Amino acid sequence: MIQGESPVLVIKEGDNVGFKWAVEKDSILIGRGEECDLVFSERPISRHHAEIRREGNRYILRDLNSKNGTCLNGQEISTPVPLQDGDEIQIALRVKLFFVGADATVPLLLDDSQGPGLRLDKVGRRVWVRGQELVPPLSLAQYRVLELLYDGQGRVCNRDEIVNTVWAEEESAGVTEQAIDALVRRLRDRLAELDQEHQYVVTVRGHGFRLENRE
């Protein structure tokens with residue numbers, strides 16, 4: 001069925017709406033567990049909920065005995081079923097994915113300009129920039145700053161908030177402005193690895209920092 005290009009999963013409902021995942025592995029594990037390839041935080045989703053596995057030139061969807069089920073085109077599945085271009089997959093009725101298998105459709109969906117800017121998976125502490133996952137992952141300190149700004153939805157976060165978020169209480173007293181600036185600079189450098197055209201972390205002089213996402 002699929003020649004050349006890899007098929008793509010496009011998230012239409014649930015965490016990280018608009019994110020596109022190229023199915024380049026022989027097996028894609030979907031669930032809440034951090035070890036999954038596609039991680040979703042919704043509680044009705046099982047830790048290991050469903051799997052998409054390549055068998056020859058076909059891709060097979062299988063429910064992994066999940067508590068709240070997996071649906072294909074509105075019908076709950078109980079046995080493995082082959083996927084076709086345009087199929088709609090629902091995970092526990094909370095997450096909706098489209099399976100794109102036709103070569104003619106893939107380039108359009110992979111066009112970064114059609115996707116979101118920056119997205120976080122808070123369960124797996126994973127970061128995507130313009131549809132690509134940031135690898136290796138951010139350091140814990142970098143991720144904490146980014147999550148603070150991301151949750152602020154454009155609000156300016158001051159330096160005290162950053163210190164309280166990143167450093168433990170016993171360490172925070174010795175944190176300098178230079179240390180904060182260096183941390184933010186490293187975070188910007190990591191995001192620029194995948195998008196050099198846009199600055200996501202903006203300095204608001206005299207106040208702090210805010211996230212300017214790219215939609």
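Predicted model: local features only at pLDDT ≥ 70, side-chain atom pairs only at ≥ 80, totals over all residues.
Trainee: Hi! Which strand does S3 pair with, and over how many bridges?

Mentor: Strand S3, residues 27-31, pairs with strand S5, residues 50-55. The two are antiparallel, with four bridges between them.

Trainee: And what stands opposite Ile28?

Mentor: That would be Ile52 in S5.

Trainee: How is S5 joined to S6?

Mentor: Strand S6 covers residues 58-63, and six bridges join S5 to S6 in an antiparallel arrangement. S5 and S6 form a hairpin, with two residues between them. In that turn, Gly56 has a positive phi of about 65°.

Trainee: Nice. Which residue in S6 is the bridge partner of Glu51?

Mentor: Arg62 is the partner of Glu51 there. Their side chains also meet in a salt bridge, at 2.6 Å from N to O. Arg62 lies in S6 and Glu51 in S5, so this pair ties together parts eleven residues apart in sequence.

Trainee: Is Glu51 buried or exposed?

Mentor: Glu51 is buried, because its relative accessibility is 7% and the cut-off for buried is under 20%. Arg62 has a relative accessible area of 35%, so Arg62 counts as partly exposed.

Trainee: Changing topic a bit: how many salt bridges does the structure hold?

Mentor: There are 13 salt bridges in the structure. One of them is between Glu13 and Lys96, where the closest N and O atoms are 3.3 Å apart. That pair links distant parts of the chain: Glu13 sits in strand S1 (residues 8-13) and Lys96 in strand S11 (residues 95-100), 83 residues apart.

Trainee: What about accessibility for Glu13 and Lys96?

Mentor: Glu13 is partly exposed at 36% relative accessibility, whereas Lys96 is buried, with a relative accessible area of 16%.

Trainee: Which Glu side chain meets Lys96 at 3.8 Å?

Mentor: That is Glu88, which forms a salt bridge with Lys96 at that N to O distance. Glu88 is buried too, at 19% relative accessibility. Salt bridges with shared partners join Glu13, Glu88 and Lys96 into one network.

Trainee: Last topic, cysteines. How many disulfides does the structure hold?

Mentor: The structure has zero disulfides.

Trainee: Then are Cys71 and Cys157 buried or exposed?

Mentor: Cys71 is buried at 12% relative accessibility, and Cys157 is buried at 0%.

Trainee: Great, thanks! I'll look at the hairpin again.

Notes. Residues numbered from 1 in each chain as written. Heavy atoms only, no water. Disulfide = S-S within 2.5 Å. Buried < 20%, exposed > 50% of the residue type's maximum accessible area, 1.4 Å probe, protein only. Pairing = 2+ DSSP bridges. Salt bridge = Lys/Arg side-chain N within 4 Å of Asp/Glu carboxyl O.
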